[in-house]
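Dear colleague,

Please find below the structure that I am handing over to you. My notes on what was found in it follow directly after.

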Amino acid sequence: MSRIRVTNLTKRFGSSTIVDDLELTIEEGEFVVLLGPSGCGKTTTLRCLAGLETPEGGTISFADKVVHDAERRVSVPTHKRNIGMIFQSYALWPHMTVRDNIAYPLKVRRQKDALRTGAVEKAAGMVDCEQLLDRYPSQLSGGQQQRVAVARGLVSEPDLVLFDEPLSNLDARLRDQVRTQIHQLHQRLGFSAVFVTHDQSEAFALGDRLAIMKSGRLEQVDTPQQVFDEPSSDYVAQFIGMANRLDLTRHQDGWKASNGDVVHLGDRTPERGSTDTVVARLRRDDLRLHRPDDRVAPGTTVLHGTLVTTEFGGRHHDVLVDVDGQKLTLQADTREHGGWLPKAEGGHPVVVSFRSSDVRVFDAEGRAVRGASVVTPIRATGSATS
Amino acid sequence: MSRIRVTNLTKRFGSSTIVDDLELTIEEGEFVVLLGPSGCGKTTTLRCLAGLETPEGGTISFADKVVHDAERRVSVPTHKRNIGMIFQSYALWPHMTVRDNIAYPLKVRRQKDALRTGAVEKAAGMVDCEQLLDRYPSQLSGGQQQRVAVARGLVSEPDLVLFDEPLSNLDARLRDQVRTQIHQLHQRLGFSAVFVTHDQSEAFALGDRLAIMKSGRLEQVDTPQQVFDEPSSDYVAQFIGMANRLDLTRHQDGWKASNGDVVHLGDRTPERGSTDTVVARLRRDDLRLHRPDDRVAPGTTVLHGTLVTTEFGGRHHDVLVDVDGQKLTLQADTREHGGWLPKAEGGHPVVVSFRSSDVRVFDAEGRAVRGASVVTPIRATGSATS
Amino acid sequence: MTSLVQRPLALVIAVGWKARLGYAVLVAALIYMVVLPLYRLQSLAFGDGARGYRAQYGRADIGEVIWTTVQLALASVVIALVLGTLLAFATSRLPQRFSFLRMVPVLPIVMPAVANIVGWAFLLSPGPGYLNAAMRQLPWWDHLDSGPVDVYSATWIIILTGFGLTSFVYLFVSAGMAAISAEHLEAAQTSGSSTIGVFFRVVLPLLRPSLIYGAGVALLLGLGQFTGPLLLGANTGVKVLTTEMYRRVSESPADFAAAAAAGSPLVVLGLLVVLAQKLLLGDQTRFVTHGGKAFKSTPTRSWWAVTFVVAYGVVALLLPLVGLVLVSLMPYWSASLSLDLFSLDNFRTLFATPDIIDAVVTSIVAASVAVVFCVPIGFAIANLLVRGRRYRVLRIVADLVSALPLGIPAVIFGVGFLLTYTQPPIILYGTRTVIILVYIVLMIPFATRLQMTAMLALGETYIEASATSGANPLTTNVRIVFPLMRPAILSAVALMFILLTHEFAASLLVRSPTTQVMGTRLFDLWSNGSYPLVAAMALLMTVVTGVGVAVAMVVGGRNVLDNL
Amino acid sequence: GSSGGTPSGAVDGGWDDVVAAAEKEGSVMLYSSHNPVNLESLKKAFEAEYPDITMEYVRGTDAELNPKVEVENQTGRGTADVHMVTDTNWINSAAESGTYSAELLGPEVTESGNYDDDTSLIADRFVLTSVAVFALGWNTDILPEGLGDVTDVIKPELKGKIGIVNPTGIAVYNDLYRFLENTYGEEFIEDLASLEPRIYPSSLGIAQALTSGEIAAAPIVNTLGTEKASGAPVDWKLAPEPWGAAWYTHVLSSAAHPNAGQVLADFMASEEGQTALSAGYAATLPGIEGAVAQASDVTLADPSDLTADDLKARESDWESLFLN
Ligand SMILES: Nc1ncnc2c1ncn2[C@@H]1O[C@H](COP(=O)(O)OP(=O)(O)OP(=O)(O)O)[C@@H](O)[C@H]1O
Ligand SMILES: Nc1ncnc2c1ncn2[C@@H]1O[C@H](COP(=O)(O)OP(=O)(O)OP(=O)(O)O)[C@@H](O)[C@H]1O
Ligand SMILES: [Mg+2]
Ligand SMILES: [Mg+2]
């Protein structure tokens, strides 16, 4: 199958618009990961692609064939679209054994060769379910059902596979394994895919491109690297893990956080006159924690705050720091801070540092500020030692 | 409610034993996280606690009251156990609005005060669902349904709350938020809880103790820190993220990997004569990647291998290395290796290093080898430079 | 979706001796109400050296009669199964605007069977039938002087009986269909199945419990079919067990013993059907599609569904209704449709007949009261059958006993009741109570089976969620199970109401002397009046019944259903 | 009961005492398998004659009513006071047992002399009160010339256009065919069969088929007065030797209103009663307005001498003749 093109897709439930004028092109064999908060319309988008919903507006075409056109009232029924879909709720047929569930797409598509050559067993093996083939869905655990659903969605090697959070109920190891299997299958067969997930590592590992959705629209569609490095908006930045937000205001001597600490924005410093308040975003693992009297590497920005809470998280502690009312979270390595941190109480003064190359800057509308030629008169680059 | 005590719990389906002679004590107000691979019996265990299954053997008592005793044929029905349960499949009642769903436990438990003082709205607010109160479940997205299920399970402030993967369909931010809310509520109300999850950070963040389950039995029950630092078995180690396995054999000059590299086991070196083969386990973020000609910190073990694949993962690359047939995965910082790694091809020779304090050792039966007085005659501690 | 949390669960529905005692009392009452009349009948049939049996089974043609009965039943059940299932599927795919068409498949039984047959005879009588006359205008039939259709043939008995049974199958299947989650169908579509494929591979298998129970009920009704063979089959010598019974009891010397004996094969078949249902179903949890993850129903725009439902409505409902209306407006059944014959005289005659209003009121009151009792009784029995794994003996007994009344035609049952309630321990002869009691017994199979299929489809998840919320079994039933089963309960209410307002056979025997019901009035007209009067009375009954059903639907609240 | 008499009987004394007691009882209940229209006019006439007594009736077939009568007799809780029945077997055995009915006291029965033979009064308890008489019927559009006798239907052009009733399982109809056989000879039956008549489950079906033209003629059908009056193209005529089924009336010994029962039974035998009851039926008294015949001119069905074996034999003969 060649590319899938979605234009102006609009879907409403009653008065609320769930998918709003959505545009997306999926190249042949491309693996697009769809990310977005709960309720933003991901499932609905997949259902529109599958032909399970009738969008009120827009067109969808598979290769050069229009499969949906709201205006011309064209709508190719689901079963003629050669897709595979893995439902968020699994939707295994309770009256069929696992084997029959997985074999179903092959049977109805008359892929007798595949049936004969053990495609069902192979698909089941892929998700570690060979030994469950003769059970009924009601005799499976939640994770087992989900895996069977994945096998069923992939077994007939369709042109387009729609995954709706297919690994959410699996433990880390199994999830890695199934993810790898999906990846390999994709490489081998070259199907196109839209994959909904809430797991960022999954998104990065699988996606040729990520599409980040916000209340029915796509906010950014880019390669994982691009999304990671250059989130196009405050929303995207936040969503892909830049959980720390700092409100900055322009001052004579540079950009300052509300507690007065100067923040270096490097080559992301907004042009003079363009705006006076910006939002800086930082990943939690780009922040480093120090005790007030620790040395900090030169060239980094320092912020003074107080400890709020710490939480054990395995190799690290999750730490919440208050900087004049703005909460920053970071992960402090247990090997570095194991000594004092677990004993430190809330209110303990601490220092947080980061490199200016790690910060991302957004204007008041949330648009990324990027690559302004560095003509701003910021002087101080002092290092915190206090 | 005071402690919950489970002894010899056994539950069979047909001929297969799903919960096998399980023992567990939950202290008053304790938050126990249940971890285990898909299909190991977690849901079944929760259902036994709730009284939804009739175990074939064993006893369960809440405080001093026996609620189940297979031999004496005692079984207190579910609705008299004062529990809350969040089902893996949500189980929202489709004929009630979200508001009615959440209010239900209050109504049937006659908690009129709570109804009057807005407990429903509060619970909905906790999971960010205030604006959905008048919808029907079929008008909600998967994640929204899951959140409503959480609100319903907690609203009546029961003595024991059973969570069955309650956050699996939420995005990271929401998950953090709901998790925090659960944590706070738990601190405030002091209910006991059993919480099933596949997310380790969730487990570490929430659990007073972790219980790691393996095919119907509990393999280790300990504080998160303890489990993390001292997994009691190879199985546990692997499950909590020590994904890398090295088979080692005793040689004259110490313990060697199959490629001949000597591995330092520090104070976990097995006593002489006790065993000749062991399994070493390492976390992926305890391994460091080097090019063959890089310098490696003294005192660390080095292993020579070849690159298999790399995968972009945001701030790091997921790297798979082959060491004489044994696959090791690790995360290489993009800032450190961003230059050469993305371009390196499979087969490229690389070196992997780790500190002996990070390694965990298990004997042939999978039992942890721990604290052997260090009398082993290992000499070489050389650093790799080749 | 299904998940493992749907394992049947004994504990929720109350634990311990209280529940056991409750069920035991229920089953005992059931046995008293159902089995005792049967026992009385059988002791009659076996009395006097089994004279009843000797009389009935000594006949040379008894083998043939049974064989005809079975053949007719099977053939018409096949028609009913196919049509009923297709209709249920079609109504589930109606566009929103046409959802009112959901009523159509039930409507044919709103017309009393006698009226239906008479209506058809009017249309398709080989000579003067209007449709036949019209068809004879067609070029390829213009050489005929009668036909082409002979409504008096066995084929048409089967077809018309099939139409009647279709509504029953439809009610069962549509109640089951309502419980299939849309995602299970969508999953099949995304797997590459066309609508038809989905229907055959997913919908039908998932409907197995509904189909099996629906088919079982239809089969028993088919075995007990009466009006068609009696009114249409005389010419071809169609004899079935019920017409035999009718003859045994309807003319002198009335031989109840032989009639009871004639009914015995039906009782045996009824028991066999129950056993077959058990065998065919196996593990019933496999048919549960409610899993707790709420599903959206797809907006469908299947025009074939509209076409099909409308076509069925025209053929099975509109045509005989037109026939009936025409007859009712004429002074006599006439071959020529001349407008100046039309008048409302028959209705005037009807309303001039004394007590007609009383009969209507009595029918409505008795039917309503019986329905009000039947729903909870049926619910309790269904509960026992679906969830009462711990009460093995009680369950089996309840299963058999609750199916029995279907196996005995009401005529015979009426006699049984008469024999039972005129003797100690409970003498109710001549009271209204006995009518209601008979009605309850007659309807227990429907109340039970319809609710049972819905309960099966519902699974355990919702109940478990309620139990963990702290609700006791009673609360759970009232607040969760009942509302979720609303479509099925409404179906059951509608069906029972229809059947009871038409009931005459048992009523004739047990009615209190001064109380008429609509059915007995119709029967009087049928044995003493003329077809036009029968038609007028039948129309009156149709209207009363139809209004009753509509009220049930309105009270039940369609919009509530749409939210499911 | 409110009467002061014996449990199963009326007051001692003369008829006037009985009537007085009846009026005190105030109501009477009739069980009957007669035509409801006729029963309704009987009610009107009776209440006109005895304004202090309300008459109620239950209409049902013998098969429904006879068991009730038995039950009431057995339980002693009488609802019915008077019972009007055609089943000869039942009548014979009830008369024989003597426990079901009270002796009739009314002057119409005991004194008028109208009911003094074995046919019109059985065991002093059962009085003949009505006869359903069967007629020749034809459709005037198809057969304008009509029929003169039963044998007139034997015409080739009527092949497939004759309607007859199916006697299977119904003793009275078996008696009817026996009557036809005896009266018109066996060949008549055979000729009839060779004309492939249409078979109907009841006489009513035949009547309706005549009006619609589905059939042209019927040798045996109920009188078609109503149909003709409503303008249907049918006509009817009694055959020279008519045949019919008789209703007998008796007062029940379990009656709650034994006196009123006596009064009603007496009224039914009277001229007023007969007039009310006989529209379309044969009356027991001569010259009754609306009656189609007088009972004494009609051969009355009496299948009581047909044993079960006879019936079986007759039915299989009939079937082999008429059903291909
Ligand atoms: N009715 C049944 N008959 C046979 N086996 C069953 C039945 N129900 C569940 N099982 C099996 O019992 C095991 C435990 O199931 P359970 O649901 O407790 O697993 P779980 O730990 O919750 O898994 P998951 O993480 O996938 O939800 C599974 O292997 C499942 O296949
Ligand atoms: N029938 C409906 N009527 C009204 N609103 C609806 C209906 N169905 C869905 N919605 C709303 O549409 C929005 C999008 O739903 P969708 O299922 O596409 O979300 P999602 O992105 O898949 O979320 P999740 O990650 O939680 O599964 C949600 O806010 C939901 O509440
Ligand atoms: Mg979704
Ligand atoms: Mg589970």
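Which residues coordinate the magnesium ion (ligand 3)? In this predicted model, the donors are A:Thr43, through OG1, and A:Gln88, through OE1, at 1.9 to 2.3 Å. The two residues link distant parts of the chain: A:Thr43 belongs to helix H1 (residues 42-50) of chain A, whereas A:Gln88 sits in the loop between strand S7 (83-86) and helix H2 (98-108) of chain A, 45 residues apart. Both A:Thr43 and A:Gln88 are buried.

Burial is defined here as a relative accessible area under 20%. B:Thr43 has a relative accessibility of 9% and therefore counts as buried. B:Gln88, at 8%, counts as buried because it too falls under that cut-off.

B:Arg281 lies in strand S15 (residues 277-282) of chain B. With a relative accessibility of 4%, B:Arg281 counts as buried. A polar atom of the B:Arg281 side chain lies 2.9 Å from the backbone oxygen of B:Met242. Beyond its neighbours within four places in sequence, B:Arg281 is in contact with a set of residues that includes B:Asp234, B:Gln238, B:Met242, B:Asn244, B:Asp358 and B:Phe362.

B:Gln238, one of these contacts of B:Arg281, is located in helix H9 (residues 234-239) of chain B. Is B:Gln238 buried, partly exposed or exposed? Its relative accessibility is 26%, so B:Gln238 counts as partly exposed. Leaving aside neighbours within four places in sequence, B:Gln238 is in contact with A:Arg173 and B:Arg281. The C-alpha atoms of B:Gln238 and B:Arg283 are separated by 8.7 Å, although these residues are 45 residues apart along the chain.

I turn next to chain D. Its secondary structure consists of twelve helices and 14 strands. The radius of gyration of chain D is 21 Å, close to the 20 Å that the globule rule gives for 324 residues, so chain D is as compact as a globular protein of that length. The C-alpha trace of chain D spans about 65 × 45 × 30 Å along its principal axes. Of the 324 residues in chain D, 61% are buried. Where contacts in chain D join residues at least 6 apart in sequence, 74% of them are between residues at least 24 apart. The accessible surface of chain D is about 11700 Å², and 46% of this belongs to carbon and sulfur atoms.

One residue of chain D was examined individually. D:His34 lies in the loop between strand S1 (27-32) and helix H2 (36-49) of chain D. D:His34 is buried, with a relative accessible area of 0%. Its side chain makes a polar contact of 2.9 Å with the side chain of D:Ser130. Not counting residues up to four places away in sequence, D:His34 touches C:Asn528 of chain C, and within chain D its contacts include D:Arg59, D:Met84, D:Trp247 and D:Tyr281.

Chain C has 24 helices and zero strands. Buried residues account for 65% of its 564 residues. Among contacts in chain C with a separation of 6 or more, 79% involve residues 24 or more positions apart. Chain C exposes about 18400 Å², of which carbon and sulfur atoms supply 70%.

Finally, the confidence values. The predictor assigns the complex an ipTM of 0.77 and a pTM of 0.80. Chain A has a mean pLDDT of 85, and 95% of its residues reach 70 or more. Over residues 373-386 of chain A the pLDDT stays under 50, and the model has 24 contacts for this stretch beyond four places in sequence. For chain D the mean pLDDT is 84, with 97% of residues reaching 70 or more. In residues 1-8 of chain D the pLDDT is below 50, and this stretch has 13 contacts in the model beyond near neighbours in sequence.

Yours sincerely

Technical notes
Residues are numbered from 1 along each chain as its sequence is written. Chains are lettered from A and ligands numbered from 1 in the order in which they are written. This is a predicted model: local features need pLDDT of at least 70, side-chain atom pairs count only at pLDDT 80 or more; totals for chains, interfaces and linings use all residues. Side-chain values use heavy atoms; hydrogens and water are left out. Helices (H or I, at least four residues) and strands (E, at least two) are DSSP runs, numbered from the N terminus. Buried means under 20% relative accessible area, exposed over 50%, partly exposed in between (1.4 Å probe, protein chains only). A polar contact is a pair of N or O atoms within 3.5 Å; within protein, one must be able to donate a hydrogen and the other to accept it, and residues adjacent in sequence count only if both atoms are side-chain atoms. Contact means heavy atoms within 4.5 Å. Donors are N, O and S atoms within 2.8 Å of the metal (3.2 Å for Na, K and Ca); water is not among the atoms, so sites may look incomplete. The radius of gyration is taken over C-alpha atoms; the globule rule is 2.2 Å times the number of residues to the power 0.38. Accessible areas come from the Shrake-Rupley method with a 1.4 Å probe; for residues, only the protein chains shown count as cover. pLDDT is the predictor's confidence in each residue, from 0 to 100.
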